[in-house]
Amino acid sequence: MTFIKTKKIPVTILTGYLGAGKTTLLNRILTEKHDQKIAVIVNEYGEIGIDNQIVVNSDEQILEMNNGCICCTVRGDLIRILRTLIFSMEQGEVNFDRVLIETTGLADPAPVAQTFFMDELLSEEFEVDSIVTVVDSKHITKHFDGHDEAQEQIAFADTIILNKTDLVGDEQLHTVEQRITNMNPAAKRIHSQNCNVDLNEILGIHTFDVNHKLEIDPHFLDDHHHHHHDDKVSSIAFREEKPLELDKVNRWMSYLIQEKGEDLLRYKGILHIKGIEHRLLFQGLHMLFSGVPDRKWKQDEIRVSELVFIGKNLNKKELEEQFKNCIAK
Ligand SMILES: Nc1nc2c(ncn2[C@@H]2O[C@H](COP(=O)(O)OP(=O)(O)OP(=O)(O)O)[C@@H](O)[C@H]2O)c(=O)[nH]1
């Protein structure tokens with residue numbers, strides 16, 4: 001496939017609420033054949049980055065930003081990373097044709113896009129190609145209620161991928177699409193399962209239009225962004241080198257899903273399980289949970305369990321005790 005070349009470096013901002021399928025789409029972009037070199041910036045909310053372990057191995061330049069949200073606390077890091085990329089390219093150290101930014105599920109995309117207008121160097125070198133928002137068709141309605149970010153991500157999108165169509169019936173999908181269309185009639189909508197979209201529909205599409213964004217948010221280009229994340233949503237991370245007992249982890253997960261499923265917006269991790277030579281990739285949102293064997297632990301790597309919970313009203317002490325109880329005797 002080919003993409004239209006422009007003089008400035010095109011930037012795609014990939015957004016979508018927690019667990020919508022952003023990393024799934026990123027992996028698809030990184031594995032599919034195309035003639036573009038992509039510099040990828042991945043931002044995670046939790047203090048331990050799990051996505052970097054889930055993103056496929058590729059030749060692309062992948063830069064991580066952990067422990068803060070790209071739209072506010074670590075926005076300065078984004079500017080530094082982008083400037084460094086330009087500098088490294090000028091020095092011939094890296095080469096890339098486009099940039100893709102995967103935001104956290106809690107990010108407001110507007111200030112991320114704004115970065116490319118407010119910073120002089122960045123505005124000379126980059127142009128926003130489009131804002132692509134991935135939607136979890138099953139859970140989005142729940143997320144609209146009480147989570148402004150989920151609505152902002154829809155309102156500001158140029159392209160909306162209604163993902164996880166396998167988890168909803170036609171009627172539910174129609175209702176969700178109707179609601180989304182009312183929120184943002186101008187955006188293009190694509191249906192998908194596991195983000196199996198044609199990349200020509202999301203990269204190199206030049207759909208970002210600053211005038212249109214100013215209609216949605218007249219303060220879009222103001223230099224003071226007040227984005228307040230929902231105070232009730234927090235993240236807790238655990239790390240443990242002692243192996244865990246699979247049965248105990250399973251019992252704990254069943255308990256959590258039943259008792260706290262509503263509040264658990266996202267949980268994911270890589271687990272080191274006693275007697276198992278493979279890493280266990282653990283992923284969930286609300287009541288949907290999966291634990292699948294990932295690759296084998298390497299000879300020279302430290303076997304460690306790392307997991308992150310993002311949710312409402314999380315009780316750190318209680319979760320920590322439950323996690324410690326899973327350590328194998
Ligand atoms: N059933 C179903 N599951 C999906 C689909 N797309 C993604 N998933 C699963 O949904 C979970 C979340 O997917 P991710 O790609 O990690 O989502 P994300 O938006 O990157 O998540 P965060 O970065 O944590 O916000 C994973 O377990 C995926 O395998 C889909 O179309 N159908």
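For residues 233-327, an unreviewed UniProt entry lists "domain: CobW C-terminal"; UniProt positions are given here in the numbering used for this structure, with feature names shortened, and such annotations may be inferred rather than shown by experiment. The span 233-327 is 26% helix and 43% strand, and its end C-alpha atoms lie 27 Å apart. Helices (H or I, at least four residues) and strands (E, at least two) are DSSP runs, numbered from the N terminus.

The model is a predicted one, in which local features need pLDDT of at least 70 and side-chain atom pairs count only at pLDDT 80 or more, while totals for chains, interfaces and linings use all residues. Residues are numbered from 1 along each chain as its sequence is written.

The protein is divided into domain 1 (9-216) and domain 2 (233-325), with bounds that come from an automatic or database domain assignment. The C-alpha centres of the two domains lie 26 Å apart, and the contact takes 11 residues from domain 1 and 14 residues from domain 2, where contact means that the C-beta atoms of two residues, placed from the backbone, lie within 7 Å. On the side of domain 1 that touches domain 2, the residues divide into 5 nonpolar, 5 polar and 1 charged; Ala, Val, Leu, Ile, Met, Phe, Trp, Tyr, Cys and Pro count as nonpolar, Asp, Glu, Lys and Arg as charged, and the others, Gly among them, as polar.

Leu14 has its place in strand E1 (residues 9-15). Leu14 counts as buried because it has 26 C-beta neighbours inside 10 Å, the cut-off for a buried residue being 20 or more other C-beta atoms within 10 Å of its own, with 12 or fewer for exposed and partly exposed in between. Although Leu14 and Ile101 are 87 residues apart along the chain, their C-alpha atoms are separated by 5.8 Å.
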